[in-house]
Amino acid sequence: MQLQEIQTHTLANGLTLIVEPMRAVQSAAFSLLLPAGSNYDPPDRLGSASVLCELIMRGAGERNSRDLTEALEQLGVQHREHTGNSFLTFSAASVAETLPESLRIFGDIVRRPHLPEDQFEAARAGIVQSLRSVEDEPRQKVMIELRRRCFDAPWGLPSDGTLETVAQLTPDLCRHHFESCVRPNGSILAVAGNVDPAEVIRLTEDVFGDWPVLADPVPATAPRGPHRDHLSHDSEQTHIGVAWDSVPYSHEAYYDAWAAVGVLSGGMSSRLFTEVREKRGLCYSVYASHTSIPDEGRVLAYAGTTSARAQETLDVMLAEIVRLQEGISQAELDRSRARARSALVMQQESTMRRASAMAGEWHHLGRVTTLDEIRSRIDALTVDSVLQHIRQFPPRDFTVLTIGPQPLEVSVEVP
Amino acid sequence: MKFHEAVLGNGLQIVAELNPAVYSVAASFLVRTGSRDETEGESGVSHFLEHMAFKGNDRFTADDVNRIFDEIGAENNASTSEEVTQYHAVFLPEYLPTVMEVLSGLLTPALRQEDYDLEKQVILEEIGMYQDQPSWVAYEHAMESHFKGHPLGQCILGTTESITELTSEQMRAYHARHYTAGNVVLAVTGNTDWDVLQEQVEQFCGGWKPGHCDRIVTEASPVASAAVLERESSLQEQVVQMAPAPPARSELRLAAELLATVVGDSSGSRLYWDLVDSGEAEVAELGYNEYDGSGVWMTWLSCLPKDTERIAARIAALYAEVNRSGVTEAELDRARNKVASRVVLRSERPMGRLSSVSTSWMYRGEYLSVEEELRQLQAVTLKDIQQLLEAYPLRQVTTVAIGPCGSLNFG
């Protein structure tokens with residue numbers, strides 16, 4: 001792997017800049033994370049971050065909504081805005097020469113948005129329609145609802161809110177969300193591509209240096225939903241979601257946890273795919289993946305199957321998950337590691353992936369790990385270390401949610 | 001980046017765009033066959049066969065195939081469309097020999113009966129999964145109506161009935177007919193060596209049976225139709241509309257791509273400003289799909305059920321305006337920038353180049369470097385757009401709606 005020269009620079013107002021120059025590419029990408037995500041929605045007004053994220057693009061600085069979109073198009077900037085639990089995220093990529101102009105436009109967007117009141121209804125209507133579409137797609141809905149049942153609020157709450165709560169929002173609430181949450185302290189800007197770090201530091205100081213600090217808002221917490229649940233839907237398939245506790249990304253045993261999930265669902269030779277699909281033909285789609293909030297981790301698993309075979313699918317899934325504790329083989333661990341190594345190498349071909357990975361690391365660890373460091377953590381894994389981890393944090397107390405015509409029995413359980 | 005091409009003695013074509021500055025290699029075997037090439041009684045066989053390819057050949061078992069790809073950390077997958085079945089992998093350069101052996105092996109599957117019986121269940125599950133995605137159901141139904149009586153109207157997955165009845169003997173016969181060397185292109189992009197690659201391909205594919213499969217590529221002439229599929233419990237109404245557009249080999253192809261961007265891109269287009277920005281529609285997009293001999297303007301709409309007729313009429317009025325007055329130089333210029341930026345950003349990864357290089361070769365038998373792609377984009381003028389609109393105006397010939405509405409009037 002190439003030697004990476006990642007630089008970090010924290011502004012006086014608390015915004016952290018991370019830059020990785022990549023010489024072999026023509027492009028530059030950035031991820032700008034503002035700590036103003038849906039966790040800060042008022043509990044009875046969920047969706048305020050999400051509607052704000054729609055509204056914030058509708059004019060900023062000297063430009064109205066249309067001028068702003070057209071300016072980004074003219075520069076050839078590909079961009080995406082996303083509302084997550086922790087952050088509002090703005091990602092953009094273009095040829096490296098246009099990075100300064102693109103970043104200045106996004107500086108306007110996050111610092112000087114017009115938030116036009118006469119466009120509030122349009123912004124809200126967009127969110128309402130996408131929430132309605134999720135109701136029509138049980139495969140998506142089951143994972144959104146599963147999070148709600150395995151994480152306490154606000155972490156488990158859907159970041160777009162719900163049809164009921166979004167109906168309660170007002171322009172004032174969205175403006176308030178902006179004024180009380182969108183701030184430099186705790187924001188992360190990660191830049192990767194054909195750039196000179198010193199210039200990016202100057203640019204960032206220029207665009208964000210005089211942005212005043214705000215007090216950190218405190219999210220409201222509430223207990224999670226039921227441990228076992230079924231939502232009735234006249235779908236063709238039954239959609240199964242299963243969750244259990246794991247360690248967070250910042251935990252010293254994270255890579256052991258990651259490897260354990262890899263054995264279950266790391267590729268087409270992994271256990272869930274082999275046992276549920278390849279040997280029994282029970283489903284088309286089955287997977288498990290690790291997810292992390294700052295202090296907690298979970299594994300979330302999914303399978304979708306015709307209702308007549310749904311019970312068997314759930315039984316086989318749970319049996320495979322529980323069976324992890326009985327042991328894993330060296331070959332299984334080696335395959336997980338090989339996949340990770342090649343993914344790390346390939347990350348170096350994508351400025352977008354690098355920018356978003358670095359921002360995520362800073363969020364979870366308060367520092368950026370080099371790809372070499374991650375690689376040596378992966379090389380250091382052994383069958384014993386992974387197994388010891390599994391036994392220390394055995395998969396159990398499963399949260400199980402199904403969506404479909406009939407509820408299922410959870411027949412496998414460990415003490 | 002350097003381009004190479006070669007043809008094996010049996011007719012298999014190899015195209016490669018090699019780039020020593022990247023870290024990975026992407027490779028794809030493309031078989032010129034898909035649902036349009038299926039005869040009566042074999043609906044869904046192309047896609048089912050694509051699944052069976054991963055069940056191993058005379059050298060590897062199904063477990064071997066999955067295990068070996070994972071052992072080398074390759075990202076691999078396959079897909080079946082109306083006219084191409086492709087098998088691809090992205091991997092680190094040192095694994096070229098392993099990938100060539102296993103990936104090429106997918107095209108000569110053993111088709112063992114017990115694997116066939118088990119995989120049939122997976123296919124039936126996949127059909128069930130798509131049934132739960134309203135937009136897919138609308139798309140499939142629209143293709144079927146739009147291309148009624150034309151091979152492009154044959155559905156990719158098949159139906160529960162056609163898959164249940166399909167036998168492994170039928171699949172074997174289909175495989176023998178279509179998986180011949182002359183019907184296959186191997187496309188490779190990224191960091192590898194041309195001489196080594198050629199040797200590998202000769203070693204693993206040199207013995208494949210020669211042969212080439214023709215297909216009839218008459219341009220479809222669709223008859224207007226509208227259908228409403230009622231799903232009482234749905235909240236949104238989704239609509240797919242189709243109309244004839246330039247075929248893949250048409251000179252108007254790039255103009256069509258740019259016009260679709262001006263009129264119906266997911267952001268910043270005329271449909272976007274009129275319907276999505278205002279919050280009236282969740283999705284209102286126009287896409288251009290190119291096929292062998294035919295093409296499609298495809299309109300996607302997702303909106304509140306009560307607004308469906310009104311919005312479809314608005315789209316019709318908007319299309320009529322474009323057909324009458326064309327687009328502006330400023331709009332065309334922004335669309336060129338947008339598409340050019342996508343081409344450049346995608347080109348940084350071998351997987352991003354693989355689809356451009358292979359599509360261009362499969363459909364047009366030509367190679368375009370990134371620079372040439374950009375040059376051709378810049379060369380599209382308002383006059384080309386005008387000519388395009390005269391030949392293929394924006395219309396809504398075929399309509400399929402799915403959602404809670406029991407009946408809808410599309411004018």
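# Questions on a predicted two-chain model

Visitor: In what order do the strands of the open sheet of six strands in chain A stand?
Guide: In this predicted model, chain A has an open sheet of six strands whose pairing is mixed. Neighbouring strands of this sheet are turned by 10° against each other on average, direction ignored. The order of the strands is S1-S2-S6-S3-S5-S4.

Visitor: Which strands of chain A stand at the edges of the sheet?
Guide: A strand at the edge has a single partner strand, so one of its sides is left without a neighbour in the sheet. In chain A this applies to strand S1 (7–10) and strand S4 (78–83).

Visitor: How many bridges join S4(A) to S5(A), and do they run parallel or antiparallel?
Guide: Strands of a sheet pair through backbone hydrogen bonds, either parallel or antiparallel. A hairpin through four residues links S4(A) to S5(A). Opposite A:Phe90 of S5(A) stands A:Glu81, and opposite A:Ala93 of S5(A) stands A:Gln78. The bridges joining S4(A) to S5(A) number six, and the two strands run antiparallel.

Visitor: What angle does the direction of helix H1 of chain A make with that of S4(A)?
Guide: Helix H1 (residues 48–55) of chain A packs on the sheet, where it touches S4 and S5 of chain A. The direction of H1 makes with that of S4(A) an angle of about 160°.

Visitor: What radius of gyration does chain A have, and what would a compact globule have?
Guide: The C-alpha trace of chain A spans about 60 × 50 × 35 Å along its principal axes. The secondary structure of the chain comes to 15 helices and eleven strands. Because chain A has 415 residues, a compact globule would have a radius of gyration near 22 Å, and the value for chain A agrees with this, at 22 Å.

Visitor: What percentage of the residues of chain A count as buried?
Guide: Among the contacts in chain A with a separation of 6 or more, 81% are between residues 24 or more positions apart. A residue is buried if 20 or more other C-beta atoms lie within 10 Å of its own. Of the 415 residues of chain A, the buried ones make up 52%.

Visitor: Does A:His251 count as buried, exposed or partly exposed?
Guide: A:His251 is placed in the loop between strand S8 (237–246) and helix H9 (254–265) of chain A. The C-alpha atom of A:His251 is separated by 25 Å from that of A:Glu20, 231 residues apart along the chain. Burial takes 20 or more C-beta neighbours and exposure 12 or fewer. Because A:His251 has 18 C-beta neighbours inside 10 Å, this residue counts as partly exposed.

Visitor: Which element gives the most residues to the side of domain 1 of chain A that touches domain 2 of chain A?
Guide: Chain A is assigned domain 1 (7–208) and domain 2 (228–404), and 31 residues of domain 1 are in contact with 25 residues of domain 2. The elements giving two or more residues to the domain 1 side include strand S2 (16–21), strand S3 (27–34) and strand S6 (188–193) of chain A. By class, that side divides into 19 nonpolar, seven polar and five charged residues. The most, nine residues, come from H5(A).

Visitor: How far apart do the C-alpha centres of the two domains of chain B lie?
Guide: The assignment for chain B gives domain 1 (2–205) and domain 2 (225–403). In chain B, 29 residues of domain 1 are in contact with 26 residues of domain 2, and H5(B) gives the most to the domain 1 side, with nine residues. The C-alpha centres of these domains lie apart by 27 Å.

Visitor: Which element supplies the largest share of the side of chain A that touches chain B?
Guide: In the contact between the chains, 55 residues of chain A meet 50 residues of chain B. Elements of chain A that each supply at least two residues include helix H2 (65–74), helix H4 (120–135) and helix H12 (330–347). By class, this side of chain A has 14 nonpolar, 23 polar and 18 charged residues. The largest share, eleven residues, comes from H4(A).

Visitor: Which elements of chain A are included in what covers the buried residues of H2(B)?
Guide: The buried residues of helix H2 (residues 62–71) of chain B include B:Val65, B:Ile68 and B:Phe69. Their cover includes strand S4 (75–80) and helix H3 (96–105) of chain B. From chain A, the cover includes H10 and H12.

Definitions and conventions. Residues are numbered from 1 along each chain as its sequence is written. Chains are lettered from A and ligands numbered from 1 in the order in which they are written. This is a predicted model: local features need pLDDT of at least 70, side-chain atom pairs count only at pLDDT 80 or more; totals for chains, interfaces and linings use all residues. The radius of gyration is taken over C-alpha atoms; the globule rule is 2.2 Å times the number of residues to the power 0.38. Two residues are in contact if their C-beta atoms, placed from the backbone, lie within 7 Å. Ala, Val, Leu, Ile, Met, Phe, Trp, Tyr, Cys and Pro count as nonpolar, Asp, Glu, Lys and Arg as charged, and the others, Gly among them, as polar. Domain bounds come from an automatic or database domain assignment. Two strands pair if DSSP finds at least two bridges between them. Axes are lines fitted to C-alpha atoms, for helices over the stretch in contact, and angles run from 0 to 180 degrees between N-to-C directions.
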